[in-house]
Amino acid sequence: MTPKPAKEPGPAASVAGDGTYLVGEDMKAGMYKTAGPADSAIPNCYWARLKDASGEFDAIIANGNAQGQTRVTVRKGEYFQTSGCETWKKVG
């Protein structure tokens, strides 16, 4: 029996840590869920869907500050920015 070739790694189905991620390359498109803020001393979880990585205000498609569990749907080609959140896990 011939072994199957190893599947090439693709985009991740979870995102841990602060940063800006390209959907479709760094992370899979779909719905993600987080438990909320990672630090109870500063209970704020910021997220944003961005049309590009310019850092400009008009690049924001949608954003929010979560105090608890929240969900966000991201689409291929968008950027997803997160700060102060628990790990985001793909749920749909």
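Modeller: Let's start with one term: a residue is buried under 20% relative accessible area, exposed over 50% and partly exposed in between, using a 1.4 Å probe and protein chains only. This is a predicted model, where local features need pLDDT of at least 70 and side-chain atom pairs count only at pLDDT 80 or more, while totals for chains, interfaces and linings use all residues. Residues are numbered from 1 along each chain as its sequence is written, and side-chain values use heavy atoms, with hydrogens and water left out.

Colleague: Happy with that! Is Cys45 buried or exposed?

Modeller: Cys45 has a relative accessibility of 0%.

Colleague: How many residues apart are the two cysteines?

Modeller: The link is right-handed, with 100° about the S-S bond. It connects distant parts of the chain: Cys45 is in strand E4 (residues 45-50), and Cys85 is in the loop between strand E7 (79-83) and strand E8 (88-90). Strands (E, at least two residues) are DSSP runs, numbered from the N terminus. The separation of Cys45 and Cys85 in residues is 40.

Colleague: Nice. Which residue's backbone oxygen does the side chain of Thr34 reach?

Modeller: Thr34 lies in strand E3 (residues 30-34) and counts as buried because its relative accessibility is 2%. Contact means heavy atoms within 4.5 Å; beyond four places in sequence, the contacts of Thr34 include Cys45, Cys85 and Trp88. At 3.0 Å, the side chain of Thr34 reaches the backbone oxygen of Glu86.

Colleague: Thr70 is in contact with Thr34, too. In which strand does Thr70 lie?

Modeller: Beyond its neighbours within four places in sequence, Thr70 touches Tyr32, Lys33, Thr34 and Trp88. Thr70 counts as buried because its relative accessibility is 18%. Its strand, residues 70-74, is E6.

Colleague: What is the strand order of the open sheet that has E6 in it?

Modeller: Two strands pair if DSSP finds at least two bridges between them. This open sheet has 4 strands with antiparallel pairing, and its edge strands, E1 (14-15) and E6, each pair on one side only. The order is E1-E8-E3-E6.

Colleague: Last one: what separates the C-alpha atoms of Ile60 and Glu78?

Modeller: Ile60 is found in strand E5 (residues 60-66), and at 27% relative accessible area it is partly exposed. Tyr46, Arg49 and Leu50 are its contacts beyond four places in sequence. Ile60 and Glu78 are 18 residues apart along the chain, and their C-alpha atoms are separated by 10.0 Å.

Definitions and conventions
Polar contact = N/O pair within 3.5 Å; in protein donor to acceptor, adjacent residues only side chain to side chain. Disulfide = S-S within 2.5 Å.
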